[in-house]
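Please open the structure in your viewer and keep the selection panel at hand.

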Amino acid sequence: MRLSTVYRLCAVALLALLVSGAPVPAASAPAHAGDPVHDAEHGGKGGGLDFTGIKRYDLGIYTLIVFGILLFVLSKYAWPNIKAGLEKRESTILSALDEAKKDRAEAADLLARAKKELDATAAKVGAMLDEARKDAEALKAAKAEEGARDAQAERDRAKREVEADRAALTKDVQHQAVELAVLIATKALRQQVSVENQSRLLDESIAELKANANRA
Amino acid sequence: MAKKIDPFSHVVDSNHFEILPTAGLEWHGLELGGVPLKFLILITVCAVGVGVAMIWLGQKMKSGDPPRGKLWNLVESLLFFVRDKIAVPGIGEHDANKYLPYLTTLFLFIFSMNLIGMVPFLGSPTASIMVTAALAVVSFFVIHTSGIMEMGTGKYLKTFIPHIELEGGAAMKVMGGMITVGMAILEYATAFIRASVLAIRLFANMLAGHTVLFMILFFIAMVSDPGYQIGFVKQQPEGVQNLIWGGMSLFSVVLVSALSLLELFIAGLQAFIFTFLTAVFIGLAKHPPH
């Protein structure tokens with residue numbers, strides 16, 4: 001059971017206890033209606049409409065006076081402060097509202113500007129990307145052309161070198177063949193030529209030719 | 001001889017406070033020149049309570065800060081309740097704030113006088129017709145003064161006269177005139193009747209409510225006190241009488257506790273009705289229906 005419920009139950013029980021105390025003395029008290037003691041205690045004779053307090057002009061006049069004083073006191077000491085406080089609170093709320101409206105308008109303006117700038121930046125970036133792509137493609141094409149040109153030049157150069165080497169080699173072979181022929185002829189003139197001599201001469205000449213070639 | 005029951009004896013004004021009479025906790029002799037002072041004291045206590053609460057609220061609200069704390073919120077909520085649920089609906093947005101001080105004071109004063117009657121050993125001053133009549137008189141003057149200030153005395157008094165035009169000959173015109181006079185008399189009487197009804201409604205509700213509570217508790221005396229004991233119980237043996245007394249005590253206390261909660265609601269409701277009708281009548285006086 002929650003504590004507040006216990007408090008409530010206690011309060012109800014106390015109330016019931018206090019209320020229940022009321023009728024007991026009423027029962028033990030002298031008879032009420034028509035009883036002079038009771039009438040004196042309750043300010044009336046106990047008959048007719050006395051129970052309404054209809055003859056209690058003093059009570060009516062006193063209520064008027066007290067209520068009048070209460071109105072006067074509150075109009076002097078409470079309402080001016082309450083009014084001032086409410087006006088302050090109202091102006092605070094209104095200024096906060098105005099400020100909030102201004103802030104909202106400013107935020108909307110900033111947002112629009114930021115969006116505009118974002119759009120402009122996006123367009124600029126797109127243009128830059130397009131340009132970069134074009135540049136890259138142009139560069140790629142140029143590089144490819146240059147590469148092909150270099151490759152062709154290299155091929156031509158290699159071809160020329162091969163041709164030159166071949167020419168030099170041919171010339172060299174021819175020269176060696178002539179030398180060989182001369183050598184053979186020289187040796188043949190110095191001795192009689194047989195089949196064995198012929199073969200030996202050829203071998204010696206080739207070996208000599210090789211030795212010359214190695215020396216060269 | 002059986003004693004007579006006076007059901008109003010504990011509701012009307014008296015010269016004593018009976019806190020717990022069974023324990024001898026009583027205070028008698030509160031009178032001045034034979035006039036009981038109990039209600040005068042309670043009216044003063046309520047007025048001082050309302051005054052202190054509103055001045056305190058004024059001091060708190062002066063800064064313009066929002067309310068903080070339970071008590072501040074509670075008192076301020078009563079003020080705004082009167083403004084939003086009574087003054088504005090009854091008088092209209094334009095004039096509501098002008099009458100707010102009067103209506104708030106009236107509501108809190110009546111509410112506190114109704115509530116103080118819920119304290120068992122005290123009493124409700126609003127259960128006296130002269131107290132409610134005094135407040136109705138003040139409302140009567142506020143209502144009609146506001147009407148006169150709005151449109152002038154002559155014009156305001158003319159608003160009570162209805163415009164009736166009957167087509168036909170002279171006889172019809174005479175009849176129309178008679179009806180107009182008759183209705184004007186009724187309308188003027190209504191102004192007084194409205195104020196009287198304000199007083200009687202509040203007084204009757206508070207008197208009846210407290211009387212019912214008293215009578216339900218008095219059932220205990222009717223089965224236990226030889227002076228009030230009813231015949232059926234008297235004829236029973238003592239054991240049965242005790243049993244009836246126990247059952248009746250439990251029944252009465254439980255029922256009175258439940259009805260006391262209802263009375264708490266009625267204390268607020270009657271204060272609301274008195275103040276709301278005053279606001280409506282002020283609104284009608286300032287802007288009469290055409």
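What percentage of the 290 residues of chain B count as buried? Select chain B: the share is 36%, where buried requires 20 or more other C-beta atoms, placed from the backbone, within 10 Å of the residue's own. This is a predicted model, in which local features need pLDDT of at least 70 and side-chain atom pairs count only at pLDDT 80 or more, while totals for chains, interfaces and linings use all residues. Residues are numbered from 1 along each chain as its sequence is written, and chains are lettered from A and ligands numbered from 1 in the order in which they are written.

Next, colour chain B by secondary structure to display 8 helices and 4 strands (DSSP runs of H or I, at least four residues, and of E, at least two, numbered from the N terminus). Along the sequence the order is β-β-β-β-α-α-α-α-α-α-α-α. The C-alpha atoms of chain B fill a box of roughly 85 × 65 × 40 Å along the principal axes.

Now select residues 79-190 of chain A, helix α5, and residues 195-215 of chain A, helix α6. Their axes (lines fitted to C-alpha atoms over the stretch in contact, with angles from 0 to 180 degrees between N-to-C directions) lie 10 Å apart, at an angle of about 135°.

Finally, show the side chains at this contact (C-beta atoms, placed from the backbone, within 7 Å). In α5(A), the residues include A:L180, A:L183 and A:I184; in α6(A), they include A:L201, A:L209 and A:A213.

Methods. Contact = placed C-beta atoms within 7 Å. Buried ≥ 20, exposed ≤ 12 C-beta atoms within 10 Å, placed from the backbone.
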